[in-house]
Amino acid sequence: MVTDLRLGDKDGGGARHRSASSVAQQAGGSYVIKASQDSCGCPKVPAPKEAAAFDVFCPGTNQSEKVPIREDLSTLVVHCEDEEPIEDKGAAEDEEPDEPVKVNLKLTDANGSLPAHVTEEVRDAVLDAATQLAIIGSGEDKKCHGFTIIVGDSAELLSRDDKDDNCVYGEPSQDLFNYAARGQAKDIRTGPGFMQLQAAAMQDGAIIVDGRTCMLTAANFMVTNIGKGDRDGGGARHRSASAVSQQAGGCYVVKASEDACGCTTTPPVPGAKFDVFCNEKLPRKVAVRPKRKGSLLEERADLEQKLSEVTKEIDLQEGEKPANQSA
């Protein structure tokens, strides 16, 4: 698993694309071939001709080139070899080479304490919202395919370094999901804010909620340094959640697997639990249905359930009318 993704191309694809782009520029340069799922087939199900292309990153490059899978790859190898060698970023012989850019991730001691910039009120509100998101889904009776909510100092999490304007902790893969920068952040405790949370949960990447204001400041967020994350407990989403929990002065992170998510007609699996990282490397298991009576979001879920039942009853009655009248 590539653990430093900061220099990867953020516009050409998702996490796998950015990993490939990053590692092509690391370790003195790597030649990377990436195939999407659409480009893969088998004897019985060949890949579609239009989609059957590799993304190929030549050593030291940020962008990929599309190469048809049925084409002889030696042509691209020659192309890469014909390019000018990767320039040593140290300067003239009489000058000292530049030091590698060091990123201050503001790592904590990961002691499990709630970070100072996350209030108990916001922590509880996020856990309530995550629970309702797992129970009622993203709207229109659609369940989420898993989600991660990062609660912390949102300004710090979205910050960029002064030297080269690269992200420090991560960034939305698409700028339109930087709600703070676009003046579109909403409080997830409100109706419009929860609807924004539902929409954000359908995107790849994590959701950022400010630990003091409960404002949803970003979605589609990719954590770009996961080296300190737990490598044994799960996949990339797990490791990203573990890593960012220890960064930016500490974060409270709620991660839901796809099995922990349901909707009005299809509840989460019995015993479903969140992985919750509270300024720590390893998660704690928290039930998807905590006993929180009186929550506004809980009342909203009850109302949506009742509305769904009433709507089905009306539809059933409307469907029976023609048969009764004809009789």
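This is a predicted model: local features need pLDDT of at least 70, side-chain atom pairs count only at pLDDT 80 or more; totals for chains, interfaces and linings use all residues.
Helix α6 spans residues 236-245. Of its 10 residues, 8 are buried, so the helix is largely enclosed by the rest of the structure. The buried positions are H238, R239, S240, A241, S242, A243, V244 and S245. Several elements take part in covering these residues, including the strands β4 (147-152), β8 (215-223), β9 (252-256) and β10 (273-278). The helix α4 (154-157) is also among the covering elements.

Strand β9, one of the elements that cover α6, is itself mostly covered, with 5 of its 5 residues buried. Y252, V254 and A256 point one way from the strand, whereas V253 and K255 point the other way. Residues on both sides of β9 are buried, the lysine K255 included. Two pairings involve this strand. With β4, β9 runs antiparallel, and 5 bridges join the two; in this pairing T148 stands opposite K255. With β10, the pairing is again antiparallel and extends over 4 bridges.

Empty space in the model was examined next. Rolling a probe the size of a water molecule over the atoms shows where such space is left. The largest pocket holds about 890 Å³ of space. Its lining consists of 32 residues, and those nearest the centre of the pocket are G14, A15, D204, G205 and M222. By residue type, the lining divides into 15 nonpolar, 12 polar and 5 charged residues. At least two lining residues come from each of α1 (15-24), β4, β8 and α6. The largest share is that of α6, which supplies 5 residues.

The cysteines were considered last. A disulfide is a covalent bond between the sulfur atoms of two cysteines. A search of the whole structure finds 0 disulfides. C263 is accordingly in no disulfide, and the nearest cysteine sulfur, which belongs to C144, is 9.4 Å away. A pair of cysteine sulfur atoms would have to lie within 2.5 Å to count as a disulfide. C263 has a relative accessibility of 6% and therefore counts as buried, the cut-off being under 20%.

Key: Residues are numbered from 1 along each chain as its sequence is written. Side-chain values use heavy atoms; hydrogens and water are left out. Buried means under 20% relative accessible area, exposed over 50%, partly exposed in between (1.4 Å probe, protein chains only). Contact means heavy atoms within 4.5 Å. On a 1 Å grid over the protein atoms alone, a cavity is a set of points where a 1.4 Å probe fits but cannot get out, and a pocket is an open set with protein on both sides within 12 Å along at least five of seven lines; lining residues have an atom within 4 Å of a point. Grid points are joined across faces, edges and corners, and a volume is the space filled by probe spheres set on the points. Ala, Val, Leu, Ile, Met, Phe, Trp, Tyr, Cys and Pro count as nonpolar, Asp, Glu, Lys and Arg as charged, and the others, Gly among them, as polar. Two strands pair if DSSP finds at least two bridges between them.
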